[in-house]
Amino acid sequence: MQAHYQQQLDGTSRAQLASQFAERREYERVDPEYFDALLTLSLADIDALDSEIVHLADRSAEELNPVEVAILRVAITELKARVDIPYRVVINEAVALAHRFAAEAAHKYINAVLDRAATTHRAAETKSRERA
């Protein structure tokens, strides 16, 4: 999420972001393969992600706070590409990030947008949870 935020602010390339974050002390707790794969996937087509955000939300990515955009981009990428991670885990992690880094009520908005994204990208999983 922080890498996406930085990329929005200054246009840093994926390679530069990966290198800069690898040098950070807290990176020791990160799975480097997962970080690089998620960063690569989520930066590969920002326009498509932002278009999806517009479709799922009531406003464009430009109208959202950059922190919220970063959280949504990463979480939507996880929902699409990492089906091994339960959709509820993806949403809960995104909401936790919003609590920590975003505006006061942003977590509610993030939760609502990602719930809609989950019904699209994880339809079978969300339907099986509804029946349970």
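Buried here means under 20% relative accessible area and exposed over 50%, with partly exposed in between, using a 1.4 Å probe and protein chains only. This is a predicted model, in which local features need pLDDT of at least 70 and side-chain atom pairs count only at pLDDT 80 or more, while totals for chains, interfaces and linings use all residues. Side-chain values use heavy atoms, with hydrogens and water left out, and residues are numbered from 1 along each chain as its sequence is written.

**Nonpolar cores**

- A nonpolar core is a set of buried Ala, Val, Leu, Ile, Met, Phe, Trp, Tyr and Cys residues joined through side-chain atoms within 4.5 Å; the largest one has 30 residues, and I71, L72, I76, I110 and L114 have the most contacts inside it.
- At least two residues of this core come from each of α4 (46-56), α5 (66-81), α6 (87-101) and α7 (106-121), where helices are DSSP runs (H or I, at least four residues) numbered from the N terminus.
- Helix α5 gives the most to this core, with eight residues.
- A second, separate core has nine residues, among them A3, L17, A18 and L43.

**Salt bridges**

- The structure holds eight salt bridges, each defined as a side-chain nitrogen of Lys or Arg within 4 Å of a carboxyl oxygen of Asp or Glu.
- E26 pairs with R24, their closest N and O atoms being 3.9 Å apart; R24 counts as partly exposed because its relative accessibility is 31%, and E26 likewise at 36%.
- K80 forms a salt bridge with E52, with the closest N and O atoms 3.6 Å apart, and this pair links helix α5 to helix α4 across 28 residues.
- E52 counts as buried at 13% relative accessibility, whereas K80, at 41%, counts as partly exposed.
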